[in-house]
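Visitor: I am new to this structure and would like a friendly tour. Could you show it to me first?

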Amino acid sequence: MLLLEEAKRRKDRRRLTEYRPYAKQREFHAAGGQHRERLFMAGNQLGKTYCGGAEGAYHLTGQYPDWWTGRRFDRPVRAWAGSKTGEVTRDGVQRYLVGEPKDESQWGTGMIPGDCLLDWGRRQGIADALDNAVVRHASGGVSTLGFKSYDQGRQKWQGETLDFVWFDEEPPLDIYMEGLTRTNATGGMTFITFTPLLGMSDVVAMFLEAE
C-alpha cells in the first residue's frame, strides 16, 4: 500500500509529462512559434485552461516535450497569469499550475512539476490564493510567475517586463493591452484561453479582424 501511494505521489508531481494535446490544442501551441498573440476560444470543458496551464508550465520550466513545435525559451522567464477575480484565478489558473488550492500538501501536483516548484508567496485577502511562484528552469536558473486578476484594475497590470502573459477567461481590452505591452521589450507573447460569453467583444473582434 505504501509503495502504491508513493508511486501515485510521484506521478501526481510530474503531471506535465502526461499531457497529450488533441489536434486543436497542438495547433494552438504550434502557433506560438510564429505569433506573439494567440487566442484559444472554445466551449466549456474542452481543455482550454488545461492547455494554457501546460504551455505556461513548459515555458516556466524549459521542459519541452519532443513533439513541441511552438516557441521555446532556453532561459528562465518572467511571466504573469490571471483571470477575472482573485478567487477565479485561484480556482483556475493556480489550481492547474500548482495544485488544489485548499490543500497545501497538494501544491506541486499541478502542471508545474513538484520538484520544480521552489517557492511561493501568498496573496493577501484571499484564502489559499498565491501572489507568485518561483520555478526551477532547465537551464539552471529560476523563472518567476505572478498571479493576477482583472478586478485589480489596469494599474496593477503595469510596470513589469515579461516574457509571456496568460489570460484565462476573456480580459477587458485595457487589461489585455497592458499585458501585451509588458512583453514588448522582450519580444515576448500573450495567449488567451476562454469561452466566448460576451459575444462580439472588443477583444474577440480584434482577433477576428486580424485573420
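Visitor: Is Phe28 buried or exposed, and what is its relative accessible area?
Guide: This is a predicted model, in which local features need pLDDT of at least 70, side-chain atom pairs count only at pLDDT 80 or more, and totals for chains, interfaces and linings use all residues. Residues are numbered from 1 along each chain as its sequence is written, and side-chain values use heavy atoms, leaving out hydrogens and water. A residue is buried under 20% relative accessible area, exposed over 50% and partly exposed in between, with a 1.4 Å probe and protein chains only. Phe28 therefore counts as buried, with a relative accessible area of 6%.

Visitor: Which way do the residues of strand 6 point, and are they buried or exposed?
Guide: In a regular strand the side chains alternate between the two faces of the sheet. In strand 6, Phe164, Trp166 and Asp168 point one way, while Val165 and Phe167 point the other way. Five of the five residues of strand 6 are buried.

Visitor: What stands opposite Trp166 in strand 7?
Guide: Two strands pair if DSSP finds at least two bridges between them. Strand 6 pairs in the parallel sense with strand 2 over four bridges, and with strand 7, also in the parallel sense, over five bridges. Ala81 stands opposite Trp166 of strand 6. In strand 7, the residue opposite Trp166 is Phe191.

Visitor: Why does the pair of Phe28 and Phe191 tie together parts that are apart in sequence, and how many residues apart are they?
Guide: Rings of Phe, Tyr and Trp (its six-membered ring) pair if their centres lie within 6.5 Å; planes under 30 degrees apart count as stacked, over 60 as edge-to-face and the rest as tilted. Phe28 and Phe191 form an edge-to-face pair, at 6.2 Å centre to centre and 75° between the planes. Phe28 lies in helix 2 (residues 23-31) and Phe191 in strand 7, so the parts they tie together are apart in sequence by 163 residues.

Visitor: What is the angle between the planes of Phe167 and Tyr176?
Guide: Phe167 is buried, at a relative accessible area of 0%, and Tyr176 is buried at 0% relative accessibility. Their rings form a tilted aromatic pair, 5.3 Å centre to centre, and the angle between the planes is 50°.

Visitor: How many aromatic pairs are found in the whole structure?
Guide: Ring pairs link a cluster made up of Tyr19, Tyr50, Tyr58, Tyr64, Trp67, Trp68 and Tyr96. In a search of the whole structure, the number of aromatic pairs found is 19.

Technical notes
Helices (H or I, at least four residues) and strands (E, at least two) are DSSP runs, numbered from the N terminus.
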